[in-house]
Amino acid sequence: MFAIVDYDTGNTRNLKKALNYLGIDNELTDDKEKILQAEAVILPGVGAFKAAMVELEKRDLVNTLKKVAANKTPILGICLGMQLLFDSSQEYGLTNGLGLITGSVEQIPDTGLKIPQMGWNQNRIIQNSPFNGVNGQFTYFVHSYYANCDRRNIISAVDYGILIPSIVQNKNVIGMQFHPEKSGDVGLELLKTFQKMVKTNDFSSN
Amino acid sequence: MLAKRIIPCLDVDDGRVKKGVNFVNLTDVGDPTEIAAEYQKQGADELVFLDITATNEHRKTMADIVESVSSQVFMPLTIGGGVHDVTDIQRLLKAGADKVAINSAAVSDPELITKGAEKFGNQCIVVAIDVKKTAGKYLVHTHGGKNATDIDAIEWAKEVVKRGAGELLITSMDKDGTKDGFDIELYQAINEVVNVPIIASGGAGKVEDFTEVFEEADVDGALAASVFHFGELSIDDVKQAVRKAGVVVR
């Protein structure tokens with residue numbers, strides 16, 4: 001079972017609908033035991049970093065997610081959920097994140113483009129991985145902050161004035177800045193790829 | 001670089017898509033979910049559903065439609081029509097909408113924009129503005145264009161963005177239904193004063209109209225209804241043409 005972490009953040013149900021559509025057994029839950037026992041954990045998220053960390057903390061899920069990662073259980077963070085995987089964020093004051101990938105979450109610098117980045121942007125591969133299929137494909141983004149991290153953790157990126165990581169990975173911990181559940185067939189394919197990586201325990205590329 | 005969006009718009013009345021959509025392969029020509037799935041297949045970047053139902057009773061069915069569409073179709077969905085308060089916004093978002101468009105209620109209760117943006121984030125609050133040029137001035141109209149106001153549309157665009165609108169859906173009533181091209185001047189004027197995405201609506205008739213509104217007015221998306229529904233243009237026709245002109249599309 002894939003556990004979708006339920007912590008009162010926006011629109012987690014659309015992610016659930018996508019997993020249901022793909023026939024991936026899943027459950028929306030904030031139960032620590034279920035999350036620890038899950039085959040894989042998906043951390044969604046819409047909204048602000050600080051508020052999200054407070055909600056996770058309230059449910060004692062910060063330590064739970066750290067344990068999940070230490071147990072080598074695959075984790076997929078999506079949008080704000082991806083940002084939470086990093087060490088810290090500057091959104092509304094410096095806030096600590098889960099610290100599962102090295103880096104900090106910062107405001108997209110003003111290069112004359114509209115902020116938030118809202119719409120379809122084209123990915124390019126930074127390093128080989130099972131997600132190679134995303135190369136040249138458009139996915140759907142809605143965000144004002146981005147992950148400033150080491151290039152070795154960047155699987156793919158988009159250009160939005162600066163290079164913005166779109167898929168990041170540190171071994172069994174993966175993040176997607178875009179919404180795969182809103183990115184049409186390309187997004188569904190990426191969720192299937194993640195499922196396959198979980199089934200075959202293939203996180204060796206990074 | 002972000003792709004320019006091509007957006008079909010569907011009018012929904014009492015749970016059914018109203019304008020006859022004539023894709024030959026549909027089993028039920030009025031079923032919103034089936035039509036949405038077909039548009040996804042054709043390469044639409046987003047869908048707008050406008051609830052034109054007059055009664056509140058029927059309005060509840062809109063949330064059911066959103067629930068159903070978002071279980072089968074995986075792209076951004078904007079829902080508008082009859083959104084009066086924060087509860088309406090919440091119900092639609094919870095059902096699976098990504099964005100909610102507010103039109104008349106934004107004029108009668110501008111505080112709703114701020115409340116919605118604070119509670120759910122600017123990114124999901126779209127303000128829809130129906131505009132008609134009268135005596136040289138762009139004026140805001142409400143209630144499906146029936147009621148004229150003396151509000152200057154350019155000033156109103158500025159105001160709603162200040163209040164928290166994350167996107168503007170601007171319909172030119174002068175151009176709507178003419179198939180004569182988008183109102184380039186209107187979008188240029190609005191793009192000059194706001195820094196949020198603008199969706200142009202009204203006037204699409206041929207592929208060149210889309211190229212023109214992207215190139216001349218630099219809008220973020222272009223919306224059309226009948227030309228897509230009646231198969232006069234396909235999403236793919238439009239994308240190929242604008243791509244050829246050097247505009248980035250998906």
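1. Helices α3(B) and α5(B) are oblique to each other, a class that takes in angles other than those under 35 degrees (roughly parallel), over 145 (roughly antiparallel) or 65 to 115 (roughly perpendicular). In this predicted model, local features need pLDDT of at least 70 and side-chain atom pairs count only at pLDDT 80 or more, whereas totals for chains, interfaces and linings use all residues. Residues are numbered from 1 along each chain as its sequence is written, chains are lettered from A and ligands numbered from 1 in the order in which they are written, and side-chain values use heavy atoms, with hydrogens and water left out.

2. The angle between α3 (residues 86-95) and α5 (residues 111-120) of chain B is about 40°, and their axes lie 10 Å apart. Axes are lines fitted to C-alpha atoms, for helices over the stretch in contact, and angles run from 0 to 180 degrees between N-to-C directions. Helices (H or I, at least four residues) and strands (E, at least two) are DSSP runs numbered from the N terminus. The crossing of α3(B) over α5(B) is right-handed, that is, the near helix is turned clockwise from the far one by less than a right angle.

3. On the α3(B) side, B:V86, B:I89, B:Q90 and B:L93 meet B:L112, B:K115, B:G116, B:K119 and B:F120 of α5(B); contact means heavy atoms within 4.5 Å. This contact of α3(B) with α5(B) has five nonpolar, two polar and two charged residues. Ala, Val, Leu, Ile, Met, Phe, Trp, Tyr, Cys and Pro count as nonpolar, Asp, Glu, Lys and Arg as charged, and the others, Gly among them, as polar.

4. A second pair in chain B is α6 (residues 153-163) with α7 (residues 184-193), packed at about 35° with axes 9 Å apart. Here too α6(B) passes α7(B) in a right-handed crossing. From α6(B), B:I154, B:A157 and B:K158 meet B:L186, B:A189, B:I190 and B:V193 of α7(B). By class, the contact of α6(B) with α7(B) has six nonpolar, no polar and one charged residues.

5. In chain A, α3 (residues 49-58) and α4 (residues 61-70) pack at about 85°, with their axes 6 Å apart. That makes α3(A) roughly perpendicular to α4(A). The residues that meet are A:M53, A:L56 and A:E57 in α3(A) and A:L61, A:V62 and A:L65 in α4(A). They divide into five nonpolar, no polar and one charged.

6. Between the chains, 24 residues of chain A are in contact with 33 residues of chain B. The buried area is about 2300 Å², with carbon and sulfur atoms giving 54%; buried area is the accessible area (1.4 Å probe) that two parts lose on being put together, summed over both. A:K114, A:M118 and A:W120 supply 33% of the area that chain A buries against chain B, more than any other three residues.

7. The rule asks for a side-chain nitrogen of Lys or Arg within 4 Å of a carboxyl oxygen of Asp or Glu. B:E67 pairs with A:K17, the closest N and O atoms being 3.3 Å apart. B:D220 pairs with A:K114, the closest N and O atoms being 2.8 Å apart. That pair runs from the loop between α8 (207-217) and β11 (221-224) of chain B to the loop between β7 (101-107) and β8 (117-122) of chain A.

8. Most residues other than glycine have a negative phi, and most peptide bonds are trans. A:I115 and A:P116 are joined by a cis peptide bond with omega of about 10°, and A:P116 is in the loop between β7 and β8 of chain A. A:C79 has a positive phi, near 55°, and is placed in the loop between β4 (75-78) and α5 (80-83) of chain A.
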